[in-house]
Amino acid sequence: MIQEFKEFISRGNVLDLAVGVIIGGAFTSIVKALVNYLINPLIGLCVGSIDFSDWSFKIFDATFKIGSFINSVINFLIIAFVVFLIVKFVNKLMPKPKEDDEEEIVPDNTELYLKEIRDALVNNNENKASSINNKKSL
């Protein structure tokens with residue numbers, strides 16, 4: 001069981017996923033700081049300081065804080081848009097792969113043998129058809 005765990009944990013995709021999660025967490029804190037300290041104040045200047053967090057309603061003993069939910073949705077949309085812009089900017093900076101660099105696909109032996117068999121069958125059928133036509137014309 002320990003050997004299986006070692007094999008599982010040493011797989012490349014598990015390590016890649018772990019690195020992705022760690023970098024994603026760090027990136028999330030950067031984007032949250034960007035949104036909270038730069039974007040939200042700019043939006044506040046343009047539209048006034050809108051804070052929905054006080055909006056709530058009560059049904060019996062349950063309090064529904066609809067305003068906090070609206071603030072969370074707005075923050076999510078802003079963060080998603082900022083991440084979209086950052087990814088779009090980074091993609092423009094990255095060099096595009098050249099078409100000349102693509103490797104030519106080399107068929108394996110099985111595929112070559114099947115092509116030879118197909119060609120032989122086609123030739124055989126053509127020879128039979130021509131000999132039948134020759135007999136009919138005589």
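Tutor: Helices (H or I, at least four residues) and strands (E, at least two) are DSSP runs, numbered from the N terminus. For α3 (66-93), the 28 residues should span 40 Å, and the end C-alpha atoms sit 41 Å apart, which agrees. Bear in mind that this is a predicted model, where local features need pLDDT of at least 70 and side-chain atom pairs count only at pLDDT 80 or more, while totals for chains, interfaces and linings use all residues. Residues are numbered from 1 along each chain as its sequence is written, and side-chain values use heavy atoms, with hydrogens and water left out.

Now the patch: about 1100 Å² of nonpolar surface, with W55, F57, F60, F64 and F69 among its residues. Areas come from the Shrake-Rupley method with a 1.4 Å probe. The largest share, 5 residues, comes from α3, yet G67, N71, I78 and V82 of that helix are buried (under 20% relative accessible area; exposed is over 50%, partly exposed in between).

F60, in the loop between β1 and β2 (62-64), is exposed at 79%. F57, at 41%, is partly exposed, as is F64 at 39%. There are 2 aromatic pairs (ring centres within 6.5 Å). F57 and F64 form one that is stacked (planes under 30 degrees apart), at 5.1 Å centre to centre and 20 degrees between the planes.

Notes:
Patches are made of residues with over 30% relative accessible area and no salt bridge: like charges are joined within 9 Å, nonpolar side chains (Val, Leu, Ile, Met, Phe, Trp, Tyr) within 5 Å. A salt bridge is a side-chain nitrogen of Lys or Arg within 4 Å of a carboxyl oxygen of Asp or Glu. Buried means under 20% relative accessible area, exposed over 50%, partly exposed in between (1.4 Å probe, protein chains only). Rings of Phe, Tyr and Trp (its six-membered ring) pair if their centres lie within 6.5 Å; planes under 30 degrees apart count as stacked, over 60 as edge-to-face and the rest as tilted. The expected span of a helix is 1.5 Å times one less than its number of residues.
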